[in-house]
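Welcome, and please load the model in your viewer. We will go from ring pairs to pockets, one selection at a time.

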Amino acid sequence: MNRILTIVACLCLIGCASKNVSQPVDRMTHDPEFTNTESILHVWSWNFNTIAENMKQISDAGYTMLQTSPVNACFSPEGGNISLFGKDGNWYHYYQPTDWTIGNNILGTEAEMQAMLDSAKKYDIRVLVDVLPNHTAFDIELVTDEFYEAVGGRDKMFHTTGLQGIRNYSDRAQCTLQGVGGLPDVNTENPLFQKYYMKFVNKLIKMGVRGFRYDTAKHIGVHSDPLDTLAGVTVNDFWDVATGRKEVLGVSLEIPYDSLFVYGEVLQGRNVPEEEYAGYFGQTASSYGHVLCRALENHTAKDLDLVSWHHRAAPEYLTTWVESHDTYCNAHESAGLTDTQIRMGWVLITARQNGTPLFYSRPMNSTRENYWGDNLLGARGNDEFFHPEVVAVNKFRKQMKGQVEDLQFSEDGEVIVVNRGDKGAAVINLALEKNPVDLSTMLPDGEYTDTVYGQTFKVENGVLKGTLNPETTYIIVKK
């Protein structure tokens with residue numbers, strides 16, 4: 001089991017009921033011998049039927065998990081939610097919850113989700129769901145009456161300053177008590193809200209969901225953050241409830257927390273209490289992703305640190321990416337990278353010993369001139385998620401269980417070798433021209449054939465030698 005899941009669960013008896021209570025885990029201390037083996041395919045904006053139809057290919061490509069877009073009821077304008085972006089819909093509509101019920105007109109119905117989960121179980125793929133308890137739809141008139149009633153009324157739904165937008169994201173009071181991007185900020189400390197939300201989570205778990213990605217997680221307060229005392233809040237305990245450490249009004253997490261894969265979108269920045277969040281879940285390695293994108297844009301890692309994870313938490317508890325749906329869709333900061341560049345970055349993070357890499361599936365037929373491609377919500381992404389280089393490194397990752405990493409860089413930073421013990425190596429040429437590889441390896445001396453292109457490499461006196469094609473990756477495994 002992935003160490004990110006290794007959370008001690010204990011059973012405490014409350015009356016006649018047995019409750020699962022998670023205990024704090026040290027996610028700040030790195031175990032140099034531990035290796036992560038899992039990988040996630042972000043089936044961004046694919047609907048449930050599309051995901052199910054492609055489950056075998058996802059499994060054959062070597063992924064162990066998939067992450068869906070939000071499955072909750074959401075803003076659904078009449079005649080909309082057809083396009084990824086434009087007058088006929090927008091991908092971010094499902095990030096505007098109107099209720100915590102399952103199914104929307106982008107991904108599909110609850111029955112279709114169940115069929116998808118049944119397919120995932122057949123292929124031994126764990127399904128993670130993107131959840132966003134932090135806010136509602138922009139138009140609070142669209143939030144259902146049932147949702148308002150469940151939390152004690154409209155005046156109990158939002159933080160006291162929840163309808164004000166954040167002006168200073170480094171101010172933790174604004175960050176956790178006001179609206180991110182202007183979205184109304186939910187009072188996540190309201191026990192009635194917590195109960196209602198946990199019933200939604202538990203239903204997903206009963207259906208077969210085995211993990212969650214928490215959107216805008218750093219905007220939900222931890223114990224050290226300011227309290228909304230005007231709303232009667234005495235403790236920021238949402239994360240205690242959501243991670244099974246605490247029950248609320250007789251409701252608690254359905255299964256032991258250590259059986260779930262949970263990570264939060266805690267984008268790094270000033271005054272973010274990464275250590276406290278690490279007590280609850282894994283976090284996103286957003287700073288590492290930025291550095292990696294710079295190396296890909298420059299076609300060299302020279303003067304860039306691609307060894308450090310640029311995070312205070314231990315790397316085995318980080319979710320890594322070359323790009324996310326936000327970096328692609330919002331400011332388009334990664335959208336200018338070619339599919340080939342994304343692939344090279346994927347090989348690097350997936351060949352490495354730690355982190356759990358997430359592959360974002362770009363839209364079908366997207367180009368650097370047309371980021372939206374076919375511009376269809378619900379459709380499958382492009383073919384990159386099963387490119388031979390991607391499949392090879394996904395499988396390499398599993399094969400290298402227990403093998404520690406050693407990263408080597410050419411003097412000009414254009415060639416990278418990720419050694420994994422004496423069992424294998426991934427080789428990456430970032431440059432736009434051919435390059436020789438002449439770097440140290442732990443592989444025994446001899447001749448090797450890479451698993452993707454059948455290219456021959458030699459190891460002589462502990463040095464890996466061969467010729468690399470432009471912007472190409474190679475996977476070498478000792479037989």
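Rings of Phe, Tyr and Trp (its six-membered ring) pair if their centres lie within 6.5 Å; planes under 30 degrees apart count as stacked, over 60 as edge-to-face and the rest as tilted. By that rule the structure holds 30 aromatic pairs. Before you click, note that this is a predicted model, where local features need pLDDT of at least 70, side-chain atom pairs count only at pLDDT 80 or more, and totals for chains, interfaces and linings use all residues. Numbering runs from 1 along each chain as its sequence is written, and side-chain values use heavy atoms, with hydrogens and water left out.

**Stop 1: two ring pairs**

Select Tyr-214 and Phe-238. Their ring centres are 6.4 Å apart and the planes meet at 80°, so this pair is edge-to-face. Tyr-214 sits in strand β10 (residues 211-214) and Phe-238 in helix α8 (residues 238-242), 24 residues apart. Helices (H or I, at least four residues) and strands (E, at least two) are DSSP runs, numbered from the N terminus. Tyr-214 is buried at 3% relative accessibility, and Phe-238 is buried at 1%; buried means under 20% relative accessible area, exposed over 50%, partly exposed in between (1.4 Å probe, protein chains only).

Next, pick Phe-457 and Tyr-474: with centres 5.3 Å apart and planes at 70°, the pair is edge-to-face. Phe-457 belongs to strand β20 (residues 456-460) and Tyr-474 to strand β22 (residues 472-477), so the contact ties together parts 17 residues apart in sequence. Phe-457 has a relative accessible area of 0%, and Tyr-474 is buried with 0%.

**Stop 2**

**Stop 3: the largest pocket**

Now show the largest pocket, about 690 Å³ in volume. On a 1 Å grid over the protein atoms alone, a pocket is an open set of points where a 1.4 Å probe fits, with protein on both sides within 12 Å along at least five of seven lines; lining residues have an atom within 4 Å of a point. Grid points are joined across faces, edges and corners, and a volume is the space filled by probe spheres set on the points.
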